[in-house]
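Subject: Handover of a structure and notes on its contents

Dear colleague,

Please find below the structure that I am handing over to you. My notes on what was found in it follow directly after.

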Amino acid sequence: MRMNFETAKDRFFGRMLRTLTLLLVMVSADTVWAEAGHPLTIAEVSKEEALRLGARMYREGILPSGEPLEAIYRGDIPVTGKAFTCISCHLRSGLGSIEGRVFTPPTNGDILFRPQKSLYKGVEIASMPPRRAAYTDDSLADAIRGGLDPSGRTLNEVMPRYMFTDEDMKFLVLYLKSLSTGFSPGFSDGTLRLATIVSEDVRPEERDAMLVPLQSFVALKNRQAKVYESQPRKARMALPSMESTYLKLTLSLWELKGRPETWRAQLEEYYRREPVFAIAGGITASHWQPIHQFSEDNQVPCVFPVTDLPVVSESDWYTLYLSKGYYQEGEGAARYLNNEEALLNGRAVVQIVRASGKGSALASGFEQSWRDLGRKAPVTLLLEEEKQLTKELLEQVMDRENPAALVLWDDSRALPALDALTAGKNRPAMVIISSGYLGEDLWRINEEVREFTYITYPFRLPQEEAPYLPYVDPSMRNMKLKDDELKIVRKTYSIIQVLSRALTDMRGNYYRDNFLDVIGMMPDLPVPLYERLSFGPGQRYASKGCYIVQLSKGPRPELIKKSGWIVY
Ligand code: HEC
């Protein structure tokens with residue numbers, strides 16, 4: 001490698017040159033903005049706007065001028081923008097992280113401006129902020145630009161050295177001062193307040209399948225806290241990871257009435273009366289969108305609502321879903337079909353979509369993935385709400401398009417037409433349908449149709465699922481749960497797993513962003529229903545898998561895998 005032959009002098013001049021270029025870039029950016037009369041100094045913008053611009057520096061790596069930020073990493077590697085945002089190491093909450101042997105200390109206001117002794121309640125712990133004096137605005141600028149802490153220690157070179165002007169630095173410091181200072185609403189007196197949401201359109205059995213296990217988890221947690229509380233002080237361990245054992249929880253039920261358009265106002269009213277820390281679970285029969293937007297706008301985390309109609313977004317932060325629901329089945333179908341080159345052979349793909357929330361979620365997942373895979377848009381036919389997919393209509397479309405594959409996003413109303421396909425001369429080699437949309441009717445697919453019908457199935461196969469209910473209130477054991485109710489209980493188990501682990505991992509730092517950060521750092525959890533729930537910083541859909549299956553022959557068919565859990 002060329003680098004090896006570089007002399008120290010070369011490196012020095014190289015670095016000088018890069019620094020100079022960066023400075024020139026910054027100077028010219030300044031001039032351009034000054035000429036355009038753009039407010040660049042912090043004095044010219046409102047405090048709110050200054051905080052927004054500071055947050056953007058911290059989270060997105062963009063300077064107030066709109067330019068990406070620049071830094072030197074590990075001594076002499078110039079880096080820029082998105083790859084080296086502060087959140088990628090210090091996390092969104094600013095509370096830092098431990099990865100392997102690298103400890104990234106907190107950069108939130110509460111900790112930076114206080115002297116640190118590496119102590120927690122009198123106990124010395126390695127994973128605490130390093131021993132140092134309190135930061136001031138100036139010494140913080142020195143640390144971020146020059147890598148020197150207020151006690152004169154040189155920071156590890158994993159911490160990049162950022163090239164900020166004095167003015168840019170003011171925005172960032174203002175933001176750091178506000179970051180995770182004073183716990184989020186919903187925590188006080190050792191109690192964390194949670195809510196769960198149920199809308200009127202949900203059947204009582206389904207509502208209980210979520211509510212009962214969740215409530216019994218909260219009751220159990222509170223009983224434990226009581227036991228710990230009653231122990232003499234000395235017996236309690238002074239470790240951050242033990243903080244959650246004393247934590248008490250409340251769980252309010254927010255019931256939504258009427259049409260989804262009216263939910264937002266109801267949610268705001270509930271929230272005004274009780275600003276909870278987070279929403280745990282929740283269940284509705286319609287789209288989660290109004291609740292998603294409420295969470296986003298009020299910065300209230302929501303963990304694993306039971307919904308197959310989530311908002312699919314790359315950038316939203318506050319709602320963490322179990323999966324993309326119907327959308328994900330659509331994606332799975334597209335990826336599976338994409339591998340069938342011999343079958344496709346340049347022929348058309350026809351997509352028939354029921355005009356409904358479910359139909360359009362399935363279709364958007366399919367179309368988006370299909371496009372991402374570089375394919376031509378499918379021929380799409382929309383079935384209006386009252387319209388039936390008749391045998392004649394289906395045959396007409398097949399004769400006209402002679403497609404390689406038919407993707408059919410409809411419920412059981414489509415099954416009779418599918419039967420007719422068996423005899424038709426232009427039968428496509430493959431029909432793909434959704435198990436979610438068909439529900440229990442999936443098992444009614446006729447034997448002759450099974451052979452060419454492929455089904456998207458975003459869960460572990462029933463015959464491979466452990467028969468027991470891992471977390472159920474004893475009172476539920478006697479309830480006769482139908483398949484879809486059992487699914488809800490199993491989803492609720494995942495909510496409880498993640499919630500209880502997050503409470504521990506927060507280590508007594510009751511900030512909402514910390515709650516979401518620690519979930520992002522969690523190892524994969526073993527849960528029922530999904531082959532894997534995996535997390536990652538910023539990821540918002542925990543289960544990424546979907547099987548493609550077929551029904552076996554015979555009167556009591558089983559599902560047979562035609563793909564892996566993740567369809568590539
Ligand atoms: C690649 C990972 C990484 C990125 C990106 C990063 N940091 Fe750091 N930062 C660290 C590590 C690791 C340390 C600890 C260094 C040490 O203690 O020797 C640190 C230390 C600090 C400290 C000193 C804390 C103390 O208690 O003394 C501050 C302040 C800081 N970072 C702020 C920032 C800001 C602001 C940004 C974004 C502009 C940022 N960091 C980006 C990894 C990173």
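The model is a predicted one.

The ligand

Which residues come closest to the ligand? Of the 24 residues that surround the ligand, the closest are Cys86, Cys89, His90, Tyr135 and Met159. In terms of class, this shell is made up of 16 nonpolar residues, six polar ones and two charged ones.

The side chain of His90 has an N or O atom 2.8 Å from a nitrogen atom of the ligand. Arg132 places a polar side-chain atom 2.8 Å from an oxygen atom of the ligand. In the case of Asn156, a backbone N or O atom is found 2.7 Å from a ligand oxygen atom. As for secondary structure, the elements that supply two or more residues to the shell are α4 (87-90), β4 (102-104) and α6 (137-146).

Cys86 has a relative accessibility of 13%, which is under 20%, so Cys86 counts as buried. Cys89, at 33%, falls between the 20% and 50% limits and is therefore partly exposed. How many disulfides does the whole structure contain? A search of the whole structure finds zero. For reference, a disulfide is a covalent bond that links the sulfur atoms of two cysteines.

Buried positions

Pro213 is situated in helix α8 (residues 204-230) and is buried, because its relative accessible area is 0%. The C-alpha atom of Pro213 is 9.7 Å from that of Arg490, although 277 residues separate the two along the chain.

Leu267 belongs to helix α9 (residues 263-273). Leu267 is likewise buried, with a relative accessible area of 0%. Between the C-alpha atoms of Leu267 and Glu255 there are 8.9 Å, and the two residues are 12 apart along the chain.

Phe277 sits in the loop between α9 and β11 (278-280). Phe277 and Pro301 are 24 residues apart in sequence, while their C-alpha atoms are 7.4 Å apart in space.

Backbone angles

Most residues other than glycine have a negative phi. Asn345 is not a glycine, yet it has a positive phi of about 40°. Asn345 lies in the loop between α12 (341-344) and β14 (349-354). The relative accessible area of Asn345 is 60%, which is over 50%, so Asn345 is exposed.

Arg507 is also not a glycine and has a positive phi, of about 50°. The loop that holds Arg507 runs between α18 and α19 (512-521). With a relative accessible area of 34%, Arg507 is partly exposed.

Yours sincerely

Definitions and conventions
Residues are numbered from 1 along each chain as its sequence is written. This is a predicted model: local features need pLDDT of at least 70, side-chain atom pairs count only at pLDDT 80 or more; totals for chains, interfaces and linings use all residues. Side-chain values use heavy atoms; hydrogens and water are left out. A residue is near a molecule or strand if one of its heavy atoms lies within 4 Å of it. A polar contact is a pair of N or O atoms within 3.5 Å; within protein, one must be able to donate a hydrogen and the other to accept it, and residues adjacent in sequence count only if both atoms are side-chain atoms. Helices (H or I, at least four residues) and strands (E, at least two) are DSSP runs, numbered from the N terminus. Ala, Val, Leu, Ile, Met, Phe, Trp, Tyr, Cys and Pro count as nonpolar, Asp, Glu, Lys and Arg as charged, and the others, Gly among them, as polar. A disulfide is a pair of cysteine sulfur atoms within 2.5 Å. Buried means under 20% relative accessible area, exposed over 50%, partly exposed in between (1.4 Å probe, protein chains only).
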